[in-house]
Amino acid sequence: MQRKGNGIRRESQVKDQISVGIDMGGSLWATAVQDWETGKMSYYGLKNQDNQSKEVRAFELVSDLLQSGKRVDVFYEAGRYGYWPARKLIALGANVHILPINKLKVVMSGKTIKTDKLDAKFLGGLHPSDHIPTVYIPTLKEEGRRDAEREWDRIKTSIGRVNSQMIALIERTALPGFESHQTSIEWRKAISRWSKLPEWKECPELLLLRLPNLIAELELFEKELADWKQIIQNFLERDEEAAQTTDNEDSTSATVRKLQQFKGVGDRLSRHLPWEIGDFRRFASGKQFAAFFGLTPCPYSSGTMRRDQGISKAGRKSLRKMAVECAWLWYRWQKNSHLVKKWEDRLEQKGRIRRTAIVALARQLMVALWRYVVKGETIEGAIINKPIEA
């Protein structure tokens, strides 16, 4: 793909196609339309106007273009608006391509030039044959499952944050304190004990008044976590009932059950992977699946220079963390599996060699799990604790 002016030069272009690029801003949807038959590009600065939102104006523009009978491909960057514009455009009959954010850049004379109009024209000048990287568009249900996992992580992080704040406050005093995180009940019991000690009177008065506020905040997060745990459980039961009703073995609930079979893969881990990723079958191979976690090597090669830049770290950090956690659990509970035996010598060492080995194990384990879920290939030497009942 080579830039030339505001367009892209190609050896062949499909004449009955139209590309639409939308740069979605808060007050402006900059929209560029490229008609490949005439070679003309038009620009529209869509804002809220005449009691009609910019979103509606954009959808009407795409709908009018579809009336021509030509194929319409819409390109926009992933960002604040998420996937609902894509679903709306797909419902109209357009083909939607969401690009990873911050991948567009125009460099001229060493300076980076960026405007909404320029971004829209760049997007409008794209063509499906360019094979540009795109973001998977999840269904409403898949997106909801992602939110379930991310809310769980948010609440857990908040509980850890409040605990760390209270531990830091106590360390500023002569009170015994805690070395690890505690529940709100344990904190209340501790304060009741400490208030009888002589050191209590030596503590700053306002510092002590902060502790009840933090404990109340911790109680709130603990209640939210318990409530959210029940919500997730209800969704799991609904998925299981739906799977039994439709007899759909490719469903998310079936993937959860397949992962739960293995010793060391608990309920949280077996749920997080399919709920965050969606359908495993959307990946063409196990290597593509592992690349989604950002666990693949990132080499640098130029002439005689060869340098390893570590793993790519593409995708969500939480998924990569979960994959590494899964690898450690696999190493602990699946000692007889082929994957553990392959890396066991290095994992018993210390330092960088061990860290590199666990990442390599995580990558190969993700490949193995994909092959098991999608193709039914067994994992050599793996222990299955919860066989799926026929």
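Student: Which residues in α7 are buried?
Tutor: Before the list, note that this is a predicted model. In α7, the buried residues are Thr252, Ser253, Ala254, Thr255, Val256, Lys258 and Leu259. That is seven of the nine residues in the helix, which spans 252-260, and α7 is described as mostly covered.

Student: And α8, how many of its residues are buried?
Tutor: Nine of eleven, so α8 is also mostly covered by the under 20% cut-off for a buried residue. The buried ones are Leu269, Ser270, Arg271, His272, Leu273, Pro274, Trp275, Glu276 and Ile277.

Student: What comes just after α8?
Tutor: Gly278, with a positive phi of about 95°.

Student: Which residues have a positive phi although they are not glycine?
Tutor: Asp50 has one, at about 55°. His131 has a positive phi of about 55° as well. Most residues other than glycine have a negative phi.

Student: Where is Asp50, and is it buried or exposed?
Tutor: Asp50 sits in the loop between β5 (40-46) and α1 (54-66). Its relative accessibility is 69%, so Asp50 counts as exposed.

Student: Where does His131 sit?
Tutor: In the loop between α3 (116-124) and α4 (140-171). His131 counts as exposed because its relative accessibility is 71%.

Student: You mentioned α3. Which of its residues are buried?
Tutor: Leu118, Asp119, Ala120, Lys121, Phe122, Leu123 and Gly124. That makes seven of nine residues, and α3 is mostly covered.

Student: New topic. How do α10 and α12 pack?
Tutor: Helix α10 covers residues 317-333 and helix α12 covers 352-375; they pack at an angle of about 95°, with axes 8 Å apart. At that angle, α10 is roughly perpendicular to α12.

Student: Which residues make the contact?
Tutor: From α10, they are Ala323, Val324, Cys326, Ala327, Trp328, Trp330 and Tyr331. From α12, they are Arg354, Ile358, Leu361, Ala362, Leu365, Met366 and Leu369.

Student: What classes do those residues fall into?
Tutor: The contact of α10 with α12 has 13 nonpolar residues, no polar ones and one charged.

Student: At what angle do α11 and α12 pack?
Tutor: About 170°, with the axes 9 Å apart. That angle makes α11 roughly antiparallel to α12.

Student: Which residues meet there?
Tutor: On the α11 side, Leu339, Val340, Lys342, Trp343, Arg346 and Leu347. On the α12 side, Ile353, Arg354, Ala357, Ile358, Ala360, Leu361, Gln364, Leu365 and Ala368. By class, the contact of α11 with α12 has eleven nonpolar, one polar and three charged residues.

Student: Leu361 is in that list. What does Leu361 touch?
Tutor: Not counting residues up to four places away in sequence, Leu361 touches Ala327, Tyr331, Leu339, Val340, Trp343 and Leu347.

Student: Which residues of the largest nonpolar core touch the most other members?
Tutor: Phe280, Phe289, Phe293, Trp330, Leu361, Met366 and Leu369, out of 39 residues in that core. The helices α8, α9 (286-292), α10, α11 (338-347) and α12 each supply at least two of its residues. The largest share, 15 residues, comes from α12. In soluble globular proteins, nonpolar side chains tend to be buried together.

Student: What is in the second core?
Tutor: That core is separate and has 28 residues, including Met166, Trp187, Ala190 and Trp200.

Student: What does Thr31 touch beyond its close neighbours in sequence?
Tutor: Leaving out residues up to four places away in sequence, Thr31 touches Val20, Gly21, Ile22, Ser42, Tyr43, Tyr44, Leu46, Leu61 and Ala120.

Key:
Residues numbered from 1 in each chain as written. Predicted model: local features only at pLDDT ≥ 70, side-chain atom pairs only at ≥ 80, totals over all residues. Heavy atoms only, no water. Axes fitted to C-alpha atoms, helices over the stretch in contact; angles between N-to-C directions. Helix = DSSP H or I, 4+ residues; strand = E, 2+ residues; numbered from the N terminus. Parallel < 35°, antiparallel > 145°, perpendicular 65-115°, else oblique. Contact = heavy atoms within 4.5 Å. Nonpolar A, V, L, I, M, F, W, Y, C, P; charged D, E, K, R; others polar. Core = buried A, V, L, I, M, F, W, Y, C linked by side-chain atoms within 4.5 Å. Buried < 20%, exposed > 50% of the residue type's maximum accessible area, 1.4 Å probe, protein only.
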